[in-house]
Protein chains: 2
Amino acid sequence: MLAGQRVLVTGGAGFVGSHLTEALLDAGAQVGVYDNASTGQWQFLRDAQDKYAGNLLQWRGHLSDTELLCAAMADCGLVVHLSANADIRHGVEYPDRDFEQNLGGTQIVLRTMHQLGVKRIAFASSGAVYGGHHGFAISEDCPFPIQNSFYGASKLAAEALISAYATTFGMQAYLFRFVPMLGERYSHGHIFDFVKKLLANPDHIEVLGNGQVRKYCVYVGDAMRAVLKGVEMGDRPVNVFNIGNRSCYTIDEVVEWVAHDMGVTPGISYTGERWVGDNPDMNLDAARIHGLGWVPQVSVREAVHRTVSYLLDNPWLLARDS
Amino acid sequence: MLAGQRVLVTGGAGFVGSHLTEALLDAGAQVGVYDNASTGQWQFLRDAQDKYAGNLLQWRGHLSDTELLCAAMADCGLVVHLSANADIRHGVEYPDRDFEQNLGGTQIVLRTMHQLGVKRIAFASSGAVYGGHHGFAISEDCPFPIQNSFYGASKLAAEALISAYATTFGMQAYLFRFVPMLGERYSHGHIFDFVKKLLANPDHIEVLGNGQVRKYCVYVGDAMRAVLKGVEMGDRPVNVFNIGNRSCYTIDEVVEWVAHDMGVTPGISYTGERWVGDNPDMNLDAARIHGLGWVPQVSVREAVHRTVSYLLDNPWLLARDS
């Protein structure tokens, strides 16, 4: 279904977007990547460019450049809207930023789709919309959650707006609620921080919290196969999918794995405190997407290994502000 | 607890706001009413002004006038944020308006509260956040809904932002999800339309839909007592309350009631079609607020009667664009 179709990917030069772009190109789609390179990197698309030059268009600009966005979206059958403020941690300092960037960007994308008659949108939401600690695997139709982060709240607001567009104007929406993703080109988050710290000081590392916090994650390539599966098979006006693994690691485990992959043996100290809005133990029940035949193929340990290897091979990424 | 406290009510000159202002003044609070009179009417507060002049302050302006808003909010212990685009029906023509006004206004109010250190907010949400047809009484922690109107989506987005503020900055939030309210000063909605049509032509009335659609509603005075009860007794960081009646009417019934109260006997025809985003049969389970001792005292029939009587006594209201 995606073969031969024109797809626009906002944020397509980012960590997640570049993997999705590759997956779409592999599936035979023509892909337009729209990115302002604020956190994305055009070089993330170099391999895709070499392999699929004729099917890959690059649009360099902000979503607020409506003329450029209209040009990029013309004749597209599907928009995958990934561009967002992906760093959940700074809501306390900038309570307006997540809404401005995540909801504001989504508003622009939907308005433009409506104007051009583009009828299908896939959206990168987050397990953060489920709010705080649950202690069990959360399904897509779990009880109405209370938001505990500006990031999660902005993603929920964007989901709500997308759903209203879809039900009002006969569009079709695919909302993917991801656990955190790992893999090549990963460029912020706790493993990024661990690698950076251990390069600076291989003998000692300070860790937020107490080391026992569990973290669920999924390999980005597996997650992008889930997106393609969901978009191809979801037949409701609004299709919601959790995307996550059943397995997880503790912070202590992942520090050990990272250290092992880097060949170092640091001492560890703990701050005891986590950052406000952190949602550890975000265990999503992905039975719905499993029911469509999706199975993750890369283990959590292997996903961490690929992440660390990529960062060590690409020190320029670590040199950036995370 | 509210006695002697300063409370700011945004949208306090509106249908709902003027009733809340009276209820707060009756409880001994000092009330600042902030309103831009776009749909509110300062004359709605005339009785309150006569009775409680010294405890009632009027602030005439838009929420975007941050200097005025800061002055109005200074030393307040509670903000009740009611100002909103209250007309759910025009989302199709203006998909951005609900978010701009409802979420945008909420953002300004929260930012100002955070700046001034005001720690408590009550918010007029809506049963519309539960999305489409359910067929049973919906409780506050029902399964995660899919939005089917821009109005409901904007209220959900505002709830999410308020919750993120409350959990991040140690504020306390009270989110009231109302069924539609009726009573004196009601100034838009289907009964408003029926009265207007029957004044123009007492012999015939055209009705949207098929007449069998059930509508739940609550008398505004009862609803405002619920708000005071919830604010006084809710002790969580984020307190969510459904506010509604167990009883309802069909459109056929209410047309008959309105006609009876107006002393007319019209023929009725049906369009068969409803407007997009209409959520009929929005039956909220209000067990949580009942558990705090709230019981509505005015029947649905009496609420309709008071609504119609007020409109007939105040033809200037009907002459406005609804």
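Which residue stands opposite Val238(A) in strand 11 of chain A? Ala173(A) does. The legends below describe close-up views of a predicted model.

**View 1. Strand 11 of chain A beside strand 6.** Six bridges join strand 6 of chain A to strand 11 of chain A, and the two pair in the parallel sense. Strand 11 of chain A is mostly covered, with six of its six residues buried. Val238(A), Val240(A) and Asn242(A) point one way from the strand. Asn239(A), Phe241(A) and Ile243(A) point the other way, and these residues too are buried.

**View 2. The open sheet of chain A.** Seven strands of chain A make up this sheet, in the order 3-2-1-4-5-6-11 and with parallel pairing. Strand 3 and strand 11 (238-243) of chain A stand at the edges; each has a single partner strand, so one side of each is left without a neighbour in the sheet. From one strand to the next the twist averages 15°. Within the sheet, strand 5 (residues 120-126) and strand 6 (residues 172-178) of chain A pair in the parallel sense over seven bridges. Ala122(A) has Tyr174(A) in strand 6 of chain A as its bridge partner.

**View 3. Helix 3 of chain A and what covers it.** Helix 3 of chain A lies across strand 1, strand 2, strand 3 and strand 4 of chain A, and runs at about 165° to strand 2 of chain A. The buried residues of this helix (residues 66-73) are Leu69(A), Ala72(A) and Met73(A). They cover an arc of only 90° around the axis, which puts them on the same side of helix 3 of chain A. Their cover includes strand 1 (6-10), strand 2 (30-35), strand 3 (56-60), strand 4 (78-81) and helix 4 (97-116) of chain A. Glu67(A) and Cys70(A) are exposed and sit on the face turned away from the buried side of helix 3 of chain A. After the helix comes Asp75(A), which has a positive phi, near 65°.

**View 4. The two domains of chain A.** The domain assignment gives domain 1 of chain A as 6-181 + 218-243. Domain 2 of chain A is given as 182-215 + 247-279 + 298-319. Taken over C-alpha atoms, the centres of domain 1 and domain 2 of chain A are separated by 26 Å.

**View 5. The contact between chain A and chain B.** Here 32 residues of chain A are in contact with 32 residues of chain B. On the side of chain A that touches chain B, helix 4 and helix 5 (150-169) of chain A each supply at least two residues. Helix 5 of chain A gives the largest share, eleven residues. By residue class, this side of chain A divides into 18 nonpolar, ten polar and four charged residues.

View 6. Strand 1 (residues 6-10) and strand 2 (residues 30-35) of chain B run parallel and are joined by five bridges. Opposite Leu8(B) stands Gly32(B), in strand 2 of chain B.

**View 7. Ile205(B) in strand 8 of chain B.** Strand 8 of chain B spans residues 204-207 and holds Ile205(B). This residue is partly exposed, with 19 other C-beta atoms within 10 Å. Leaving aside neighbours within four places in sequence, Ile205(B) is in contact with Phe194(B), Lys197(B), Leu198(B), Val255(B), Pro266(B) and Ile268(B). Thr265(B) is 60 residues from Ile205(B) in sequence, and their C-alpha atoms are 9.9 Å apart.

**View 8. His62(B) in a loop of chain B.** His62(B) has its place between strand 3 (56-60) and helix 3 (66-73) of chain B. With 15 other C-beta atoms within 10 Å, His62(B) is partly exposed. Arg214(B) is 152 residues away along the chain, and 36 Å separate the C-alpha atoms of His62(B) and Arg214(B).

Conventions. Residues are numbered from 1 along each chain as its sequence is written. Chains are lettered from A and ligands numbered from 1 in the order in which they are written. This is a predicted model: local features need pLDDT of at least 70, side-chain atom pairs count only at pLDDT 80 or more; totals for chains, interfaces and linings use all residues. A residue is buried if 20 or more other C-beta atoms lie within 10 Å of its own, exposed if 12 or fewer, and partly exposed in between; C-beta atoms are placed from the backbone. Helices (H or I, at least four residues) and strands (E, at least two) are DSSP runs, numbered from the N terminus. The arc is that of the directions from the helix axis to the C-beta atoms. Two residues are in contact if their C-beta atoms, placed from the backbone, lie within 7 Å. Domain bounds come from an automatic or database domain assignment. Two strands pair if DSSP finds at least two bridges between them. Axes are lines fitted to C-alpha atoms, for helices over the stretch in contact, and angles run from 0 to 180 degrees between N-to-C directions. Ala, Val, Leu, Ile, Met, Phe, Trp, Tyr, Cys and Pro count as nonpolar, Asp, Glu, Lys and Arg as charged, and the others, Gly among them, as polar.
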